[in-house]
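Welcome! Here is a short briefing to read alongside the sequence and the 3D view.

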Amino acid sequence: IERARTQAAGFSEACAASTSHRMTQLPEPPRAEPRPHHYTRHGVRIDDPWAWLRAPGYPAPVEDEDVLGYLNAENAYYEAVMEARKPVADALFAEMRGRIKEDDASVPQKDGDWLYWTDFEEGGEYRRWWRKPVAGGEDQLLLDEPKLAQDKEYFVLGAFSVSPDGRLLAYAIDDSGAERFEIRVKELETGELLPDTIPGMLSEIVWTADSKGFLYGLANEHWRTDNARWHKLGDDPADDVELYHEEDDGWRVSVGETQSRKWLVISAGDHVTSEVYLLPADNPGAKPLLVAARKPGREYDVEEHDGTLFIHTNDIHTNWRLVTASIDDPGNWQERIAPSDDFYMTGVTCFADFLLIEGRDRGLDQVEIHRYDASIAPHRIVFPEASYVAGEGDNPEYAISKLRLSYQSMVTPGTVYDYDLATGELETLKVQEIPSGYDASKYGTERLEIEARDGTMVPVSIVYPADFPRDGTGKLYLYGYGAYGHAVAPGFSTGRMSFLDRGVAFAIAHIRGGDDLGQQWYHDGKLEKRTNSFNDFVDIAKGLIERGFTAPGNIAICGRSAGGELMGAVVNSDPDLWGVVVADVPFVDVLNTMLDASLPLTPGEWPEWGNPIEDRDAFELIRSYSPYDNVEAKDYPPMFISGGLNDPRVTYWEPAKWAAKLRATKTDS
């Protein structure tokens, strides 16, 4: 909610700036002085006069007085600018909150002898976690997040896992924002905390079958999870068994389990290659079973059913396929479902009586039911709209007769279904309630395709007021991400209605770099093809202008993290198109970050962006688009930029350096 307040305030401020072009008298912004600093790579001199904003000793807490002084001055400037606009921000915040059912609860779901669900108290900002016996009995409060978060400046719950016997809860919390979690274990009958406490964790928590221990992973000094560990309840965590250790700095390790819970899964990989090991859940000390040794460019994940492995892999096609292998001969793969040029297979889950296959057909979500008897034809679940977001919901059990699904569209609130596997009927369990009211007929939605400059047709999803003009006078909010193979789903948002009800259309640019149209769509927006993502975004904006949705200067744009890099690139290339730019925790100091192998994420990011340390071509390409390095003396539109002091993904100095350079370089007021 606080994040919503900040973003609403920032956006209302930027909108006001865009409309009037010159605002009422503003306080003087802070100026971070440039200090001479340069280095040479590949024979090229790079000047970086704001390098000093990276405090020495990172990742130790920032204590440098100059750095903290500047960051505090930026916060004070924001507060001073927003003071006069506080009534507008507060009104937007109240409006957005009025669409949220504050005492909302999830649909209970059975797992063993219990029904589990979460809820919010009215006015609460954190969940409470509940259960009750399936056979009947009192509700039991498992975890009270509001109580845990009380009096803390920051709080987030990470992993949450109940033991197989239902007696214990292992959970992890972060109260600094550094994403280094502390594991705690609670005895559910008494509510007492066990002495088992493990700091520095960054993973899931997966119980062993006997409920006497669990698997997890620790973050190393570079904030990389390079290990899988086994903790036995009552033991000193310092004595925990390291089941697996990854030597490659660019790889990460995760832990999980198969749907049957017979096997514990240790997965290692980077952005392009993976390797999976299996351990019996009832014997985690056994020698890990390697499914298939790493092969550059091959990714796979594993499920299991009755001694057969079901392996989802991209080994021969970017849209993936499904192969099987015996648990006794895991490397001998036999094709079960061939790859398709149209259907992008995104996931496979093995239930007791059927296979669940998820994917996208020409960008549209599909859910398929396959029987283990291959002679029985599979079928797709049919949903009620032509454009939507759908997928597997919460299905913790292995043997089920009804499949829990989630569903929404740009005009349909979030919906929870149960799909009856015997009858094929969809049962609506819950539709997101909007207390202040909602009338879908007030809005229209379309999925368009716009031609990019290289001839590629790029999709865009758009929702707008029913009476939205098509004469170029309308205002448009355009969102994009375009990295890491992450598709931006055209889902529902109550906060978005504040724009729609003021006549603003909202669009999602499904640019290359995400996997919206398959894994090749992702590959076509990374490494040497990275600029396709930026070009697609600009070309979608121009295409929407040509279609009468808006005009140059009437477009607000937003991106976060890698999407913030997108914002920085397109505001450098086409500043006149945008009326407002919202860049949340933006990855904008790309060249310097990718040249620094000591940073937590850098080695693992080279398969995504390129390695400018060793590759001169990668160095030159990144240097050509890195937003910080390409700020120029010209007019820029109003911009809202945020950063997080303890953010381990996008370090705080990236947005800080960018803002400082923009203020020192740009020619507008």
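An open sheet is built from four strands in the order β15-β16-β17-β18, with antiparallel pairing; strands pair here if DSSP finds at least two bridges between them, and strands themselves are DSSP runs (E, at least two residues), numbered from the N terminus. This is a predicted model, in which local features need pLDDT of at least 70 and side-chain atom pairs count only at pLDDT 80 or more, while totals for chains, interfaces and linings use all residues. Residues are numbered from 1 along each chain as its sequence is written, and side-chain values use heavy atoms, with hydrogens and water left out.

**The open sheet**
- The edge strands, β15 (252–257) and β18 (289–290), each pair on one side only.
- Six bridges join β15 to β16 (residues 263–269) in the antiparallel sense.
- Within that pairing, E257 stands opposite L264 of β16.

**Nonpolar cores**
- A nonpolar core is a set of buried Ala, Val, Leu, Ile, Met, Phe, Trp, Tyr and Cys residues joined through side-chain atoms within 4.5 Å; buried means under 20% relative accessible area, exposed over 50%, and partly exposed in between (1.4 Å probe, protein chains only).
- The largest such core has 75 residues, and those with the most contacts inside it are I462, L478, F537, I540, L544, I557 and W578.
- Another core lies apart from it, with 17 residues that include A159, L168, A172 and I198.
- Leaving out residues up to four places away in sequence, W578 touches F537, V538, A541, G553, I555, I557, V570, V571 and P637 (contact: heavy atoms within 4.5 Å).

**Aromatic rings**
- Rings of Phe, Tyr and Trp (its six-membered ring) pair if their centres lie within 6.5 Å; planes under 30 degrees apart count as stacked, over 60 as edge-to-face and the rest as tilted.
- By this rule there are 27 aromatic pairs.
- F383 and Y388 make a tilted pair, because their ring centres are 5.2 Å apart and their planes are at 50°.
- F383 and Y407 are stacked, at 5.5 Å centre to centre and 25° between the planes.
- F383 lies in the loop between β26 (379–380) and β27 (389–392) and Y407 in strand β28 (residues 402–408), so this pair ties together parts that are 24 residues apart in sequence.
- F383 is buried at 8% relative accessibility, Y388 is buried at 6%, and Y407 is buried at 2%.
- One aromatic cluster is formed by F383, Y388, Y407 and Y417.

**Charges over rings**
- A charge sits over a ring if NZ of Lys or CZ of Arg is within 6 Å of the ring centre and within 35 degrees of the ring normal.
- R470 lies over the face of Y464, at 4.9 Å from the ring centre.
- R512 lies over the face of W521, at 5.9 Å from the ring centre.
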